[in-house]
Amino acid sequence: MKTKTVVITAALAAAAILLAWPAPAQTYNTNNVSVSTFAGYGIPGYVDGQGLLTAFNDPTFIVSDTASNLYVWDNNNARIRKITPDGAVSTFVGGGSYLGGYGTNVSLAWGQVSAMAMDNQNQIWLVMAGSSYGYSSANYLVTINTNGYAEIVNGGLTNLNSSSGICFDSANNLYYSGANRIYRYNSDTQSVEPFAGSGISGYFDGQGTLFTAFSSPTTLAADQADNIYVWDSGNARIRRIDQQENVTTVAGNGGGYYYSPSDGAGTNASFNTINSMFFDHAGNLYMVCGSSVRMMDAQSNVTTLAGSFSQNGYNNGPGDGALFNSASGGCFSQDMVFVADAGNNRIRNISFNAQAQPVAPASLQLNTYPGLEITGPIGRTFQIQSSPDMINWSTEATVLLSSSPYLWIDQNPIAGNKFYRAVTLP
């Protein structure tokens, strides 16, 4: 009986914990989102051509150059396909028999492409993992320039592996994840250095490599301020690393596979998978999550852009009615989000048609801010004072005239009587 009592108590305790976990909460973006198919007709295959009259086979990663051309790693065809802004699909690299060279003479079938990024010079970078190139299995960085020339730039880079994510900062430094660390790699000098993480699996925010910890970090993204964002998959959190190597958790509550995904603000949101991350020009971070595409704004508010947390499938239309199937890659181009929808063998695009929304009168307040115009010698310093009764004066500001006349604006709205005067300082 004691054994049964313990088992029942444990089961009740587990049920109580499950009930205490947050229920799934999916909040759709209100920016009038619409999902369409940009290329691919959905049947696995290999057909170049125009838009929907083309075929892909497990398109996994997608990047964009500065001319808005898209480049797709078409995994089961072992090729990189190029898609122009008008939807014309061609083979850029792959299908050949050589390990280096140009375009379709090159073979990209000799390893597993586990990450893809575009640098600031429109070069494509691939992580070629577990390859049989040479006499031993290793992980390589491969570049493909704008002419379609492919070459190995580094073999056996420290802790580069099949789960590594890559991204570039504004100085064209490459960052990659591996062995519970984030590394920075300078391709010009071939030098690599740890950027954050002690290398020991754990969860610590802090500064540098000694006082921070990650657990199986994978995909990366860089914003316009060169902050590096990390999907710390073992901790189920999104972490940010600034250029002073300070690590901060910006989203995710650590629930991981035990929680259902939930939208919310910062650490109130939860994630159980993120396959790729990328930014737009307004500082919004997008996350491709298999059956959904999510967005985090600059204030760390997480919403669903399109798709479902619980249902795979294929459907176009408004974000809350669209479906994806094992979507894995994404990029921002032409003011749209493009998604490599691997399970549907299609490239999907998500467009925005923001509509102005009137603000309710109860949320509006009209304030009056007085301006004081001073005419005087340029380069002189004046003290601006205010008084409710012209007897007791207090200092509002000290200004150096850079022009004459000079307009000073009181940043505090008027409340009651308020008089102003300016005093010339020595």
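This is a short tour of a predicted model, one selection at a time.

**Stop 1: the whole chain**

Colour the protein chain by pLDDT, the predictor's confidence in each residue. The average over the chain is 89, and 91% of the residues score at least 70. Next, select residues 1-23, where the pLDDT is below 50. Beyond near neighbours in sequence, this stretch has 5 contacts in the model. Where pLDDT is low, the predicted coordinates should not be read in detail.

**Stop 2**

Select Ser308, in the loop between strand S25 (301-307) and strand S26 (317-318). Is Ser308 buried or exposed? Its relative accessible area is 11%, under the 20% cut-off, so Ser308 counts as buried. Ser308 and Tyr28 are 280 residues apart along the chain, yet their C-alpha atoms are separated by 9.8 Å. Ser308 is in contact with Tyr28, and also with Gln26, Ser291, Ser292, Ala322 and Leu323, leaving aside neighbours within four places in sequence.

**Stop 2: Thr218**

Move to strand S17 (residues 217-222) and pick out Thr218. Thr218 has 18% relative accessibility and counts as buried. Which residues does Thr218 touch, not counting those up to four places away in sequence? They are Ser163, Ser164, Gly165, Ser177, Trp231 and Ser233.

**Stop 3: the second largest pocket**

Select Gln123, Trp125, Asn172, Ser187 and Asp188 together. These residues lie nearest the centre of the second largest pocket, which is lined by 14 residues. The volume of this pocket is about 190 Å³.

**Stop 4: two loop residues with positive phi**

Select Gln190, in the loop between strand S14 (181-186) and strand S15 (191-196). Gln190 is not a glycine, but its phi is positive, at about 60 degrees. With a relative accessible area of 42%, Gln190 is partly exposed.

Then go to Asp335, in the loop between strand S27 (327-333) and strand S28 (336-341). Asp335 also has a positive phi of about 60 degrees without being a glycine. What is the relative accessible area of Asp335? The value is 59%, which is over the 50% cut-off, so Asp335 counts as exposed.

**Stop 5: a cis peptide bond**

Select Ser404 and Pro405 and show the backbone between them. The peptide bond that joins Ser404 and Pro405 is cis, with omega at about 0 degrees. Pro405 lies in the loop between strand S32 (394-400) and strand S33 (406-409).

**Stop 6: the cysteines**

Finish by looking for disulfides. A disulfide is a covalent bond between the sulfur atoms of two cysteines. With a cut-off of 2.5 Å between cysteine sulfur atoms, the count comes to 0 disulfides. Cys289 is in no disulfide, and the nearest cysteine sulfur, that of Cys331, is 16 Å away. Cys289 is buried, with a relative accessible area of 9%.

Technical notes. Residues are numbered from 1 along each chain as its sequence is written. This is a predicted model: local features need pLDDT of at least 70, side-chain atom pairs count only at pLDDT 80 or more; totals for chains, interfaces and linings use all residues. Side-chain values use heavy atoms; hydrogens and water are left out. On a 1 Å grid over the protein atoms alone, a cavity is a set of points where a 1.4 Å probe fits but cannot get out, and a pocket is an open set with protein on both sides within 12 Å along at least five of seven lines; lining residues have an atom within 4 Å of a point. Grid points are joined across faces, edges and corners, and a volume is the space filled by probe spheres set on the points. Buried means under 20% relative accessible area, exposed over 50%, partly exposed in between (1.4 Å probe, protein chains only). pLDDT is the predictor's confidence in each residue, from 0 to 100. Contact means heavy atoms within 4.5 Å. Helices (H or I, at least four residues) and strands (E, at least two) are DSSP runs, numbered from the N terminus.
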